[in-house]
Amino acid sequence: MALLSAIWNYAKDDGYTSLANPCAGIKGNKETGRDTYVEDELFKRVHDKADAGLRDAMDLAYLTGERVTDTRLMDEQDVRDGQIWVLQEKTKAKRRIEVAGELKVLIDRIMSRKSGHKVRSTRLIVSEDGTPMTVAMLRRRFDMTREAAGVSKPEFKMRDLRAKTGTDKAESSGDIMQTKDQLGHTTVVMTEQYIRNRKSKSKSKSKSKSKSKSKKVSPTK
């Protein structure tokens, strides 16, 4: 069921169909979530083999903590007032990520690279010729780069970067609330479960009320 749903979403994203996913609303078997933490060394092995566009995507996903889809769809128009404004597609959570530190360096790097393109897209994640990356393009590049780096698929999937962000943020800040806010989780319990078993260091526990307005957060680094 999950495979059929993924194929349908792939076809829809690439314009082969506009029909609703036939798997929507059908209850499937419960799946066990991934429990993978991407170590810095493993990240670097793949990152070093990546082309400029994929490096931008990997860095942007890690520094913002956004899902792959939300990262791929980030646009220049989302960058304003020193922040990246994000509406998460899955949960509709709103985040304003401060463009500072390594994230500012990355945004400047992306804009500098794009300035030399003949094709001008406002998307942040673009290919060598300036065209925005599709789901298929990004997936293919990551798969090929991972293979070139000698890393297996079970070891590192691009979506694992969000878990790495959460874990690293919790450890560096010592405040799981900052991780919760950055990832857009509604409860601390959800965040604790999300980063559990990836790295075991101190976790601070606290409660907060969910707010519908956009929340300003800082980048991972």
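In the predicted model, the count of salt bridges comes to 14, a salt bridge being a side-chain nitrogen of Lys or Arg within 4 Å of a carboxyl oxygen of Asp or Glu. Because the model is predicted, local features need pLDDT of at least 70 and side-chain atom pairs count only at pLDDT 80 or more, while totals for chains, interfaces and linings use all residues. Residues are numbered from 1 along each chain as its sequence is written, and side-chain values use heavy atoms, with hydrogens and water left out.

One of the salt bridges joins Glu76 to Arg120, with the closest N and O atoms 2.7 Å apart. Glu76 is found in the loop between α4 (68-72) and β1 (79-80), and Arg120 in the loop between α5 and α6, so the pair ties together parts that are 44 residues apart in sequence. Helices (H or I, at least four residues) and strands (E, at least two) are DSSP runs, numbered from the N terminus. Glu76 has a relative accessible area of 19% and is buried; the term buried means under 20% relative accessible area, exposed means over 50%, and partly exposed lies in between (1.4 Å probe, protein chains only).

A further salt bridge links the side chains of Asp168 and Lys164, at 3.3 Å from N to O. These two residues are four apart in helix α7, and Asp168 and Lys164 are therefore separated by about one helical turn. Asp168 is buried, at a relative accessible area of 12%, and Lys164 is buried as well, at 2%. Lys180 and Asp181 also meet through their side chains in a salt bridge (3.6 Å, N to O). Lys180 counts as buried at 4% relative accessibility, and Asp181 counts as buried at 15%.

Aromatic contacts were examined next. A pair of aromatic rings is described by the distance of the centres and the angle of the planes. Rings of Phe, Tyr and Trp (its six-membered ring) pair if their centres lie within 6.5 Å; planes under 30 degrees apart count as stacked, over 60 as edge-to-face and the rest as tilted. Two aromatic pairs are found in a search of the whole structure. Phe43 and Tyr62 form a tilted pair, 6.1 Å centre to centre with 45° between the planes. Phe43 belongs to helix α2 (residues 40-49) and Tyr62 to helix α3 (residues 52-64), so this pair ties together parts that are 19 residues apart in sequence. Both Phe43 and Tyr62 are buried. The ring centres of Phe142 and Phe156 are 5.2 Å apart and their planes are at 85°, so the pair is edge-to-face. Both Phe142 and Phe156 are buried.

A charge is also placed over a ring: Arg96 lies over the face of Trp85, at 5.5 Å from the ring centre. This arrangement requires NZ of Lys or CZ of Arg within 6 Å of the ring centre and within 35 degrees of the ring normal.

Helix α5 (residues 101-114) has 14 residues that should span 20 Å at 1.5 Å a residue, and its end C-alpha atoms are 21 Å apart, which agrees. The expected span is 1.5 Å times one less than the number of residues. The buried residues of α5 are Leu103, Leu106, Ile107, Ile110 and Lys114. These residues cover an arc of only 100° around the axis, which puts them on the same side of α5; the arc is that of the directions from the helix axis to the C-beta atoms. The elements that cover the buried residues of α5 include α3, β2 (83-87) and β3 (94-98), where contact means heavy atoms within 4.5 Å.
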